[in-house]
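Hi,

Here is the structure I promised to pass on. Have a look first, and my notes follow below.

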Amino acid sequence: MQEILNAATLGSVYLLFALGMALAWGTIGILNFAHGATFVFSVLVAHIVTKEVALPLPVILIIAIAVGAALSLLTQLLVFQKIVGDGTNHRTTELRIIIAGIGVSSIPIAIAQRVSGSSPFGFDTGYEASVYEFAGLRLTTTTVIILIAAIGIGVGLTVWLRKSRQGLALRAIGVDQETSEGMGVNRGALALGTMAVAGGLAGLAGALLTLQLGAIAPESGDPLLIKAFAIIVLGGLGSMGGAVLGAYILAAAETLMIQFELGTWVDAVSFGLIFLVLLFRPQGIFGTKEVRRT
């Protein structure tokens with residue numbers, strides 16, 4: 001039971017990080033490789049603020065979310081929006097976005113390395129997690145917060161995309177951008193909002209992981225990018241429900257590897273899942289096959 005709880009907690013952190021990437025990639029077609037840098041930089045700013053002022057936990061989370069949303073919004077405004085506007089070929093535009101994301105990510109990471117001296121950093125806060133034990137199961141308040149946040153946001157985003165007017169418009173952009181714009185969908189405004197939400201989720205994931213571990217390093221976002229990519233491919237591009245399931249499957253697989261003392265193979269699980277899914281079910285668990293008509 002403890003291992004199941006650990007897997008659920010790990011999967012929740014993966015989910016919070018991957019949801020932002022899945023939302024942006026599956027709707028407006030932005031595969032944001034600066035997402036990991038946003039994750040780290042949000043924690044860095046909250047770290048700097050808490051060194052100067054004692055703040056309660058909710059305020060720290062709000063700061064991380066706000067910084068993540070602002071940084072992602074700036075990236076969209078200054079970089080991705082221009083690339084999409086100037087692009088004439090879809091594949092070329094996607095490649096330019098990926099390269100630009102990798103380039104943009106180096107700036108916040110370099111700042112984090114400079115400020116922290118390439119050492120792990122966390123929050124100076126009076127928050128202390130309470131520990132509860134029953135039936136041999138160890139549960140902390142931080143774990144409860146992570147589980148509630150991940151499941152609540154994952155389910156909420158899934159329902160919002162399916163039921164709300166804005167969610168339907170985003171899904172329409174993901175299916176056919178030109179037709180949706182011709183029917184009155186404002187792609188520019190929705191893209192800005194989507195990137196802001198994605199960045200806010202990265203900031204929230206960073207803050208909660210920092211609370212769970214005590215500190216993170218400037219390079220902590222890089223491994224999560226690969227895991228998020230595996231989660232999205234596994235669940236199916238454009239499916240928030242698939243991302244939820246994919247996150248917990250990946251976490252369960254990694255926890256199982258550790259349980260059998262195969263910890264050195266944990267990172268290979270992500271790549272292995274990507275390979276297997278692309279080989280046997282390229283559209284993912286909940287994805288649909290793409291049909292091209294001429």
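**What turned up**

Starting with a helix pair: Thr-38, Phe-41, Ser-42, Val-45, Ala-46, Val-49 and Thr-50 of H2 are in contact with Ile-60, Ile-63, Ala-64, Val-67, Gly-68 and Leu-71 of H3 (contact means heavy atoms within 4.5 Å). The residues of this H2 and H3 contact split into nine nonpolar, four polar and no charged (Ala, Val, Leu, Ile, Met, Phe, Trp, Tyr, Cys and Pro count as nonpolar, Asp, Glu, Lys and Arg as charged, and the others, Gly among them, as polar).

Before going on, this is a predicted model, where local features need pLDDT of at least 70 and side-chain atom pairs count only at pLDDT 80 or more, while totals for chains, interfaces and linings use all residues. Residues are numbered from 1 along each chain as its sequence is written, and side-chain values use heavy atoms, with hydrogens and water left out.

Back to that pair: the axes of H2 (residues 35-52) and H3 (residues 57-86) come within 8 Å and cross at roughly 135°. Helices here are DSSP runs (H or I, at least four residues), as are strands (E, at least two), numbered from the N terminus. Axes are lines fitted to C-alpha atoms, for helices over the stretch in contact, with angles running from 0 to 180 degrees between N-to-C directions. H2 is therefore oblique to H3 (under 35 degrees is roughly parallel, over 145 roughly antiparallel, 65 to 115 roughly perpendicular, and the rest oblique).

Now the charged side chains. How many salt bridges are there? The count comes to one, taking a salt bridge as a side-chain nitrogen of Lys or Arg within 4 Å of a carboxyl oxygen of Asp or Glu. Lys-227 pairs with Glu-254, with 2.8 Å between the closest N and O atoms. Lys-227 sits in helix H9 (residues 221-235) and Glu-254 in helix H10 (residues 240-259), so the bridge ties together parts 27 residues apart in sequence. Lys-227 is buried at 8% relative accessibility, and Glu-254 is buried too, at 2% (buried is under 20% relative accessible area, exposed over 50%, partly exposed in between, with a 1.4 Å probe and protein chains only).

Helix H10 also holds Thr-255, which is buried at 12% relative accessible area. Leaving out residues up to four places away in sequence, Thr-255 touches Glu-3, Ala-7 and Leu-10.

Ser-118 lies in the loop between helix H4 (90-116) and strand E1 (131-134) and is partly exposed, at 45% relative accessible area.

Cheers
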